Structures are given as structure tokens and as C-alpha cells.
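Me: Got a model to go through with you. Can we talk helices?

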Amino acid sequence: MAGLVLAVLTLAASVAWAYPLVWAVMATVAPRAQGSLLDGLGVYADALVNTPIGLWYLNSLVTSGTVTAVVIGISAAAGYAISQLEFRGRKLLWGVILASFMIPVQALIVNHFLLMNSWKLINTWAGVILPQLIAPVAVIVYKQFFDSMPRELGEAARVDGASHARVLWNIYLPANWGVTAALSIIVFIGAWNAFLWPFLVVTKEPLMNITVAIGQIEQYMGVGGLAAALLAGLPVAAVYLVFQRKVTEAIMLSSGIKG
């Protein structure tokens with residue numbers, strides 16, 4: 001009986017979650033004033049042809065891809081250092097990383113903006129990217145996995161003359177490609193969907209990412225803005241559907257980390 005109730009509740013929650021998406025799709029493809037279904041689909045053609053949506057896709061791809069690559073590289077190196085190396089201030093550094101979860105990102109927006117402005121990075125890709133490179137959860141996940149790796153592997157490589165960088169990239173990371181793949185997907189999706197910071201730091205339309213720019217489309221295309229929003233979410237939806245298992249694994253790992 002309990003299993004049936006849980007199944008019903010899960011189904012109801014799934015329907016409630018999916019309804020807005022289904023409604024949005026139906027609203028955009030519905031025939032206009034006795035028109036055909038093809039006429040309804042025309043809003044997607046308008047969004048693709050009559051707006052620089054391709055450029056906005058490119059902006060999102062460059063910034064999200066760069067954020068993902070840099071975050072993964074820095075986090076892997078930091079996680080390895082905290083896990084495998086002994087240095088002064090190691091425990092303090094680990095405590096600071098854990099404590100960073102107590103500070104909401106929104107509380108740093110003003111400082112980020114002032115810093116990017118002083119560096120003259122407003123309305124640049126670098127201005128969008130740099131503040132998004134802070135990802136303590138990725139460092140924590142990597143440290144957890146590196147803690148579980150046998151230290152003998154790294155020590156043997158070090159005896160043979162390998163540097164710490166080589167131990168990390170040639171031994172530790174290949175043993176944890178699943179974690180790296182999952183974290184990469186989560187970081188990429190988060191960077192792609194970022195709105196508040198890109199909205200504040202970019203005011204020139206050609207430099208906007210897709211999540212910010214669809215607001216501009218809505219202003220002069222009406223229902224076309226809804227179609228553009230669906231097009232904006234299509235890449236990350238496809239990535240999530242393809243790599244859903246990896247994303248779920250990464251969420252479970254990051255939520256189950258012990259300091």
C-alpha cells in the first residue's frame with residue numbers, strides 16, 4: 001500500500017513539474033487565427049532567423065565552456081593538494097572552502113561588479129566568466145575521491161620521478177573520469193543557465209548570453225519570446241537527458257561528502 005501511495009505521489013509530482021513545459025510548447029505551436037500547425041511553428045523560425053540567437057548561443061557556449069574547463073582544472077588541482085599534500089595552512093584552507101557555503105553568491109554580486117569594473121571587464125566575456133569560477137563543491141568532491149585513492153600509487157610515481165602534476169593528470173584523474181564527467185555536466189548547465197550575473201555585467205546585446213537575451217526577444221516578438229526560451233533551454237536539456245545518470249551520481253556524491 002505504501003508503495004502504491006508513493007508511486008501515485010511521484011506521478012502527481014511529475015505531472016505538476018511537466019505541465020508548464022507542455023503548456024509552453026503547446027502555446028508556441030498552436031495555430032494562429034485559423035492557421036495551420038506550420039503557421040504555429042513559425043515562431044521558432046522567427047526566433048532563429050530574425051534575431052541574433054546564433055550569436056547568443058555562441059556567447060553562452062564560449063562562457064559556459066570556459067567556466068567548465070577552468071573550474072574542473074582548478075578544482076581537481078586544489079582537491080589533490082588538500083588531499084595528498086602536507087603544507088602549512090592546509091586545514092585552514094579546507095575550513096575556508098567548507099565555510100564558503102555559508103556565503104550566498106548574491107551577497108558577493110556588488111563586490112564582483114566593482115572588481116570587474118575596476119579591471120575594465122564590463123561587457124566582456126572575461127567579466128562574465130571570472131566570478132563564476134568559484135566552485136567549492138567541485139573541490140570537495142575531488143578531495144573526497146582523492147582521499148579514497150591509495151597513497152601508494154602517488155608515492156610510487158613520485159619515486160620514479162613524476163611530478164605532482166603528472167601524478168594528478170596521469171594517475172588520479174583517469175581513475176575518476178566518471179566524477180570529472182559528472183561535475184563537468186553540472187558546472188556547464190549551471191553556467192549556461194546563469195542569469196543574474198550576466199544580466200548585470202553585460203549591457204550590449206551582441207555580447208549577451210542566451211538566457212539574458214531571450215528577454216530582449218520577448219519585448220518585440222510576443223509569444224516568440226516563449227519559443228526562444230524553449231530554444232535556449234534545449235541544449236542543456238539534451239545534455240541532461242544524455243548524461244542523466246552521471247548528473248545524479250554527482251549530486252549524490254556532493255551531498256554525501258564528509259569533511
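Me: Is the crossing of helix 4 and helix 7 left-handed or right-handed?

Reply: The crossing of helix 4 and helix 7 is left-handed. That term means that the near helix is turned anticlockwise from the far one by less than a right angle. This is a predicted model, where local features need pLDDT of at least 70, side-chain atom pairs count only at pLDDT 80 or more, and totals for chains, interfaces and linings use all residues. Residues are numbered from 1 along each chain as its sequence is written, and side-chain values use heavy atoms, with hydrogens and water left out.

Me: Which residues make the contact?

Reply: Helix 4 brings W94, I97 and L98, and helix 7 brings P136, V139, I140 and K143. Contact means heavy atoms within 4.5 Å. Six of the contact residues are nonpolar, none is polar and one is charged.

Me: And at what angle do helix 4 and helix 7 pack?

Reply: About 130°, with the axes 9 Å apart. Helix 4 and helix 7 are therefore oblique to each other. Oblique covers what is left after under 35 degrees (roughly parallel), over 145 (roughly antiparallel) and 65 to 115 (roughly perpendicular).

Me: New topic. Which residues of helix 5 are buried?

Reply: I109, H112 and M116, in a helix spanning residues 109–118. Buried means under 20% relative accessible area, exposed over 50% (1.4 Å probe, protein chains only). The buried residues fall within an arc of 65° seen down the axis of helix 5, so they line one face.

Me: What covers the buried residues of helix 5?

Reply: The cover includes helix 6 (125–129) and helix 11 (196–201). On the face turned away from the buried side of helix 5, V110 and L114 are exposed.

Terms used:
Axes fitted to C-alpha atoms, helices over the stretch in contact; angles between N-to-C directions. Helix = DSSP H or I, 4+ residues; strand = E, 2+ residues; numbered from the N terminus. Nonpolar A, V, L, I, M, F, W, Y, C, P; charged D, E, K, R; others polar. Arc of directions from axis to C-beta.
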